[in-house]
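Please look at the structure before reading on.

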Amino acid sequence: MALSTPSTAVNTTTTTTHQLPKLFHSHSSLSTITFPAKLTTTHHLFSATPISKWRTNVSFLTSFLNKPKDAKPIKEELLDAIAPLDRGAEASAEDQQTIEEIVQKLEAANPTKDPLKSPLLDGKWELIYTTSQSILQTKRPKFLRSRVNYQAINVDTLRAQNMESFPTFNQVTADLTPVNSKKVAVKFDYFKIVGLIPVKAPDSARGSLEITYLDEELRVSRGDKGNLFVLKMIDPSYRIPT
């Protein structure tokens with residue numbers, strides 16, 4: 001899942017002054033469907049014309065032939081592009097566009113079509129790139145920023161946990177509700193300031209996350225605020241504390 005947790009520093013109503021780990025935001029969208037403005041004969045009112053069928057078949061065949069079959073070289077390209085960017089904190093607009101283009105190629109080669117049903121999702125993930133400036137804490141001096149951010153997911157219990165490292169050690173836990181086989185709605189329940197002081201999350205602390213690429217090493221997620229998250233697996237056996 002990628003990484004925005006509602007908190008005071010992440011534009012929520014929480015009153016604490018600490019930056020909390022983040023991975024989700026709230027948003028919704030609608031898709032539109034367009035239809036031909038004119039039909040040549042009433043005979044084709046409920047079926048495609050031979051030309052339309054031909055064009056559809058060609059379009060499908062072109063997409064199938066152009067779809068990447070091996071994700072490994074794309075992953076290597078992505079990791080090389082991410083490496084000098086300090087998880088995205090040093091990324092320019094041009095860098096972000098380059099990463100976005102590589103990620104779209106990787107998403108097209110996604111080997112896991114139903115990630116919420118996959119055991120590959122379970123465990124502890126490390127955030128290696130994001131476009132979320134609030135997660136990167138770019139408005140803080142570098143010595144006050146979390147050095148590493150983690151996210152854990154346990155599919156069997158539908159629980160998630162976001163964690164920051166030194167010097168903040170903040171945490172937050174959340175319940176997950178599947179929206180479809182790739183997307184979850186998120187309801188945060190408790191923050192832990194410096195990993196010790198529990199603070200109940202407000203009811204408005206909600207978000208969602210869509211998993212667009214998943215294998216045993218890498219996960220790509222997109223938040224409903226438009227942010228991109230790239231994470232690497234570090235501990236597939238990790239269990240979120242109850």
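Phe166 is partly exposed, with a relative accessible area of 47% (partly exposed lies between buried, under 20%, and exposed, over 50%, using a 1.4 Å probe and protein chains only). The model is predicted, so local features need pLDDT of at least 70 and side-chain atom pairs count only at pLDDT 80 or more, while totals for chains, interfaces and linings use all residues. Residues are numbered from 1 along each chain as its sequence is written, and side-chain values use heavy atoms, without hydrogens and water.

**Aromatic pair**
- Rings of Phe, Tyr and Trp (its six-membered ring) pair if their centres lie within 6.5 Å, and planes over 60 degrees apart count as edge-to-face.
- The count by this rule is 1 aromatic pair: Phe166 and Phe169 are edge-to-face, 6.2 Å centre to centre with 70 degrees between the planes.
- Phe169 is also partly exposed, at 40% relative accessible area.

**Charges over rings**
- Lys124 lies over the face of Tyr238, 5.3 Å from the ring centre (NZ of Lys or CZ of Arg must be within 6 Å of the centre and within 35 degrees of the ring normal).
- The charged end of Arg219 sits over the ring of Trp125, at 4.9 Å from its centre.

**Helix H2**
- Helix H2 spans residues 72-82, and Ile74, Lys75, Leu78 and Ile82 are buried in it (helices are DSSP runs of H or I, at least four residues, and strands are runs of E, at least two, numbered from the N terminus).
- Lys72 and Asp80 are exposed on the face of H2 turned away from its buried side.

Key
Rings of Phe, Tyr and Trp (its six-membered ring) pair if their centres lie within 6.5 Å; planes under 30 degrees apart count as stacked, over 60 as edge-to-face and the rest as tilted.
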